[in-house]
Amino acid sequence: MKIPRVVLAGTHSGVGKTTITTGIMGYLTKIGYKVQPYKVGPDYIDPSYHTYATGNVSRNLDIWMMGEETLQNNFAKTGSQADIAIVEGVMGLFDGHQDPNFRSSTAEVAKLLKAPVILIINVHSMAQSAAAIVLGYQLMDPEIKIAGVILNRIGSHRHLTMVKKSIEERTKVPVLGYIGRYQELSLPERHLGLVPMAERGNLKDNFIQIADKVVEHLDLEKILAIANSAPDLAISEQNIQNAKSTEQLKIAIAKDEAFTFYYQDSLDYLTSLGIQLISFSPLTDAALPEGISGIIIGGGFPEMFLEQLAQNNALKQDIRQKAEQGMPLYAECGGLMYLSQAIKDFEGREFPMVGIVPAKTQMQRRLAGMGYREYEAITNSILGLKEQKLRGHEFHYSSLVDVANDFPWAYSYQTVEGKIKYEGYAHENVLASYLHCHLVGNPIAAQNFLNNCRMYAKKSRDSKF
């Protein structure tokens, strides 16, 4: 299977990967290419920029959560529908999971996809030493094809000449161009990283300007040639066919500026199982959609919209009533916060939330939880049976506080230090935790959720007769 593809990787976080990658994606889209964007790892925010720039939903490539075969098949299924697939890496090229027996880095994804890599280097206050960096990355893993280099934060023509000459002479890797020290190319950040596109409004003109500035000194023909040099993928058409159910079970899903964190492949998988996802807004809607048999509330930034969420009492009451009636309700991270008794902001002010989870959430000045997790269920829930394992990722600045004495924990997991920790809330038809779960990599959990929604729908129909 022929898919022109390239991975844009950095030497470390903060080298400008997202700005440069999004700029290239946006410019190629502007001149007529159908670009399929991807992001390595569990990130939600960077893909929102890709999606805005290309008009195509960016997808996550995460070996830990998806598994190798599923990742390859999903990439082939979506990448084969585009003119070019562009993958933005995570952190530095070789950074990933701490387990020495497991690798989840950008490098491992590039090898799995047989994709050439373009290395982005921030060369501010650096000249010939840039060649040593490229040489080191070449030697680290000879299976990785570093096909080109993009230089960020070039200060002058003399600076460019020194860096370019040194890299190309010492490593034989071509420099594909450079980005100057443009302040206007920086993207806004806060406690979880970049600000999601859902909160930034219409930025079409800004993105066009960024794209034009990013590619101003890049050799796009060489970048396209590198993408086209990627070998065929040995994946059969049968492996990427969409098997869709004819069932259309309606499930409400929270989607607005406060709740944006969803893996598109997870949503596609739910749709293939026979679920019709109907969006609602916890910020503005007075009631849940009609005719639903389940509710999903994903992650996001509820802490940025506390007053508005707290004031929408009608919807909070509707969610409580549906949960009391037995409707399956699944929530992740920001969704857990929303279902709690209240959220305390960074200043300690308290805002009442839905009130299903018998605890409050407190925003912290420091990161409260981050990393891959493998949870083991310590009770039955709407995602599965006791002792069932679930893989996912955590990244949050809030913690549960004022927890009830009889709090029914959902999961246990073992930390890197070897300590057992307990996480999440599970009670009858409600499951909420800090875990962001990729359902394609946890298909049993998705199917169990569907089955619980199906049983609720049947019970509701039967009660009417």
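Phe-301 is buried, at a relative accessible area of 0% (buried is under 20%, exposed over 50%, partly exposed in between, with a 1.4 Å probe and protein chains only). The model is predicted: local features need pLDDT of at least 70, side-chain atom pairs count only at pLDDT 80 or more, and totals for chains, interfaces and linings use all residues. Residues are numbered from 1 along each chain as its sequence is written, and side-chain values use heavy atoms, leaving out hydrogens and water.

Twelve aromatic pairs are found in a search of the whole structure (Phe, Tyr and Trp rings, the six-membered one for Trp, with centres within 6.5 Å; planes under 30 degrees apart are stacked, over 60 edge-to-face, the rest tilted). Phe-261 and Phe-301 have ring centres 5.5 Å apart and planes at 75°, so this pair is edge-to-face. Phe-261 is buried too, with a relative accessible area of 7%. Tyr-44, Phe-261, Tyr-263 and Phe-301 form one aromatic cluster.

Helix 6 (residues 129-140) packs with helix 7 (residues 157-171) at an angle of about 35°, the axes being 8 Å apart. Helices here are DSSP runs of H or I with at least four residues, numbered from the N terminus; axes are lines fitted to C-alpha atoms over the stretch in contact, with angles from 0 to 180 degrees between N-to-C directions.

Asp-212 lies in helix 8 (residues 204-215) and is partly exposed, with a relative accessible area of 31%. The side chains of Asp-212 and Lys-30 make a polar contact of 2.7 Å (N or O atoms within 3.5 Å, one able to donate a hydrogen and the other to accept it within protein; residues adjacent in sequence count only if both atoms are side-chain atoms).

Methods: Helices (H or I, at least four residues) and strands (E, at least two) are DSSP runs, numbered from the N terminus.
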